[in-house]
Amino acid sequence: MSRWLTEGLLTHKPTTAYPARPESTAGISPGLPVPSSELTGQALEQLVSMCRVGALSKEKNTLGFDDGRCIHCMRCKGKSPKELEWDDSYEWARLTKLGEKNLAKLSASFKASLYIRTIDAGACAACLTEISLLAGPNYNMHRLGFFMTPTPRKADVLLVSGPVTDHMRDHLLEAYDSMPEPKRVIAVGACAMTGGVFGPSFTCAAGLSDMIPVDVVVPGCPPPPLALLHALLVLTGRKQQAEKIRALGSDRS
Amino acid sequence: MQDSLKEFISANFARIELQEHKNGQTILEAECQPGDLVEFCRCLFCDQHMYYAMLVVEESAEQWIIKHVFYAPSGEMLHVLVRLPLAQTILPSIATQVHAADWHEREAEDLFGLTFEGHPRLGDFVLHDHWPEGTNPMRSSFDASQSLPPGKQASDWQPIRLLESEGSFAMPIGPIYSDVSESALFVLETVGEDVLRTIPRLFYKHRGIEKLAEGQKAHDVLLLAERFSGTASFAHTLAFCRAMETIGQIQIPARAQSIRLFVAELERVRHHVSALAKLCASTALAVAASQASILEEQMLRLSCKLSGHRFLFGMNTIGGLSMDIPEELFRQVLQESQEVGGRLLRLRRKLTRTSSFLDRLQDVGVISQQDARAHAMLGPAARACGISMDLRQALPYGPYGDASSLHIPTEQEGDGYARMRIFFEEIQVSLQLMKDALETMPKGPVAAENADCGAGAALGWSEAPGGGTFHWVRTDEEGKVLRWRLGTPSFANWHGFHLAAEKFAFQDFPIILASMGLSVAESDR
Ligand code: SF4
Ligand code: SF4
């Protein structure tokens, strides 16, 4: 056993500095398209028809982008006559209207440490892989006070991926009902946000929205671990707070 | 290679009609009368030792076309065909003789409303009990765009229990269990401390993708093929694209073939590293688990550097690849993958010297070779019990060309430890294949100029990380998909999962589960 102890001590800990500093290592995120207003005419039409799930659309002659529908098919990346730009961001999560309202009501202790219950509501396992990496050494969410729990009765947050299959619906509702108040919900990925490529259909819902109240949505197919960390920070208002402090700092300097 | 099989059939089954279809792919079809089906299939499976791939049911305007697909390690493939008038929905079950067909027939009963006479276990399977009686979503008359009225699920589902002795009880795990896991239910039948039998109940994640694909353009179905099992997306898109490329008789540029091989092996490495990370975590060996997790993340980052996506989405396209990759980037990815490989060798050395770890894997979750064969188990799980089956070698396809010299690691014990060794070993083989591919990678285009497909039908396959996967596709003149049937390795291996989960100590359950490296999404579809 002591061999493993030394092995552990010798292992270089690659934990990201995020959220204290942005993470920029290659390969942490697929990025997202950045619709630019310069795209018009044919190039615009072409891009819109390239996107098979309606994430790109024509809005008053400029390009509209609905990130909740984007399934990261990568087809619009670097292929049009006039290239659509992509960024390498990962801070994709945002509060829903309800989430904003709910945030104001949260106590400081809720914000400081959270127990999370993950539910696979028909996900393809890519989303789940990214979620499982949150607890690994690269992202180590424990340092930020986030923990997984297998029991909904102890959970503060429900992290749901997948389009919500008919067979998982009741189990999802049951888990939600058995959580103590205050409880929060994060919809992970295109599937949980809009149904992705699977729903709505005869087997799947259009994601979570009309089933249980959602506080935070995270686009992506799948959202990388950093996007999920960002979601947890946004849910608790800690991201916003950090930004305020940073803004204050830069004001002064 | 088919000749000896043809001779054998004509000599022994004079009434069976043999036909060869050539459409970019030679398919040997044996048409049977329902009365001959069982004996013929038994002979192929038990006497000729052919493997069972899958059951394909198609409903045309006038008739049912029902096909059992068999193949042999020597490269033969045979479609055993039965035609029935649409009004007739009863046909003999081959499952009593070809056990591997058991789940396929149960699925077809649920989804098409066919009755397989003589099948020992029909009922609640893909569609759980709360679906209205007589709902058969794969029938052409079923409207897939409707959403079903939300039926209330019975929360107290119980399998048919075998144990009736006093003191025995059934303990359910799932469908939501542990920290992060795919949804599935396991009912463990126990007496005292020991679990005697495990009954998995799957399809909580059934998304009906075969139905969703109907009427869609192949290019759009590709998005489903890529996402129904995201952790093996490249292998499944490869099989699907190959089926479409066969239909359209599309020539794939040599460079695309070579890149496909490189990327498919990269995916295998990442998949196996992930399986090992889960295995280490299941034994609560924290340091090993976190080392493996670091390597898993590293492989995901490498995949992203190479393709722009951590799970390689968007790379495969009908006719080749959607992007070219500069030589320099390939080198970098190979080199870093080899570094991961080196660290894995070190991890394996440490693990094999940790007796507390070995104790939890050795003789745990044992599957015999005979049982694995009867269930047509595939991939690492099968190779760990001495079955040297690998589609890259048995039915060499696309990028693998002549793969007769491919090294296929096998073990004999069929326990958790053997499966772990296979994962480790296959990673090294894949790294070698990536290196070879890069050394001989030709220059040129990465996609065929014209990738249009018209009407046709073809079978595409590939050796996915979990085992061989088969995609049967039929299209109409406009290239729209009429039927897409998937035979996935996880479906076959979940069928055999209970073999590994018999007579064990309760605390070993997570280890047995992890050592099988199964995907629920891939099986549930
Ligand atoms: S990457 Fe997203 S926005 Fe671009 S085509 Fe695909 S789904 Fe549409
Ligand atoms: S959002 Fe994408 S990655 Fe996540 S479960 Fe759905 S298909 Fe898979």
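Six bridges join strand E1 to strand E2 (residues 26-31) in chain B, and the two strands run antiparallel. This is a predicted model, in which local features need pLDDT of at least 70, side-chain atom pairs count only at pLDDT 80 or more, and totals for chains, interfaces and linings use all residues. Residues are numbered from 1 along each chain as its sequence is written, chains are lettered from A and ligands numbered from 1 in the order in which they are written, and side-chain values use heavy atoms, with hydrogens and water left out. Helices (H or I, at least four residues) and strands (E, at least two) are DSSP runs, numbered from the N terminus. Strands pair if DSSP finds at least two bridges between them.

**Five-stranded sheet, chain B**

- E1(B) and E2(B) belong to an open sheet of five strands with the order E1-E2-E5-E4-E3 and mixed pairing.
- Its edge strands are E1 (17-22) and E3 (51-59) of chain B, each of which pairs on one side only.
- From one strand to the next, the twist averages 25 degrees.
- B:Glu17 is placed opposite B:Glu31 of E2(B).
- Helix H2 (residues 34-47) of chain B packs on the sheet and touches E2, E3, E4 (63-71) and E5 (77-85) of chain B; the direction of H2(B) makes about 165 degrees with that of E5(B).
- Axes are lines fitted to C-alpha atoms, for helices over the stretch in contact, and angles run from 0 to 180 degrees between N-to-C directions. Contact means heavy atoms within 4.5 Å.

**Three-stranded sheet, chain B**

- A second open sheet, of three strands, has the order E13-E14-E15 in chain B with antiparallel pairing.
- E13 (456-464) and E15 (481-487) of chain B stand at the edges with a single partner strand each, so one side of each has no neighbour in the sheet.
- Direction ignored, neighbouring strands of this sheet are turned by 15 degrees against each other on average.
- Nine bridges pair E13(B) with E14 (residues 467-475) of chain B in the antiparallel sense, and B:Trp461 stands opposite B:Phe470 in E14(B).

**Ligand shells**

- The shell of a ligand holds residues with a heavy atom within 4 Å of it.
- Ala, Val, Leu, Ile, Met, Phe, Trp, Tyr, Cys and Pro count as nonpolar, Asp, Glu, Lys and Arg as charged, and the others, Gly among them, as polar.
- Around ligand 1 are residues including A:Pro33, A:Cys51, A:Phe65, A:Cys70, A:Cys73, A:Cys76 and A:Trp86; by class, this shell has twelve nonpolar, no polar and no charged residues.

- H5(A) packs against H8 (residues 286-307) of chain B at an angle of about 130 degrees, with the axes 11 Å apart.
- H5(A) and H8(B) are therefore oblique to each other.
- The contact consists of A:Thr129, A:Glu130 and A:Leu133 from H5(A) and B:Ser293, B:Glu296, B:Glu297 and B:Leu300 from H8(B).
- A:Val197 sits in the loop between H7 and E10 (216-218) of chain A; residues up to four places away in sequence not counted, A:Val197 touches A:Val53, A:Ile71, B:Leu212, B:Leu223, B:Leu224 and B:Arg227.

Technical notes: Parallel < 35°, antiparallel > 145°, perpendicular 65-115°, else oblique.
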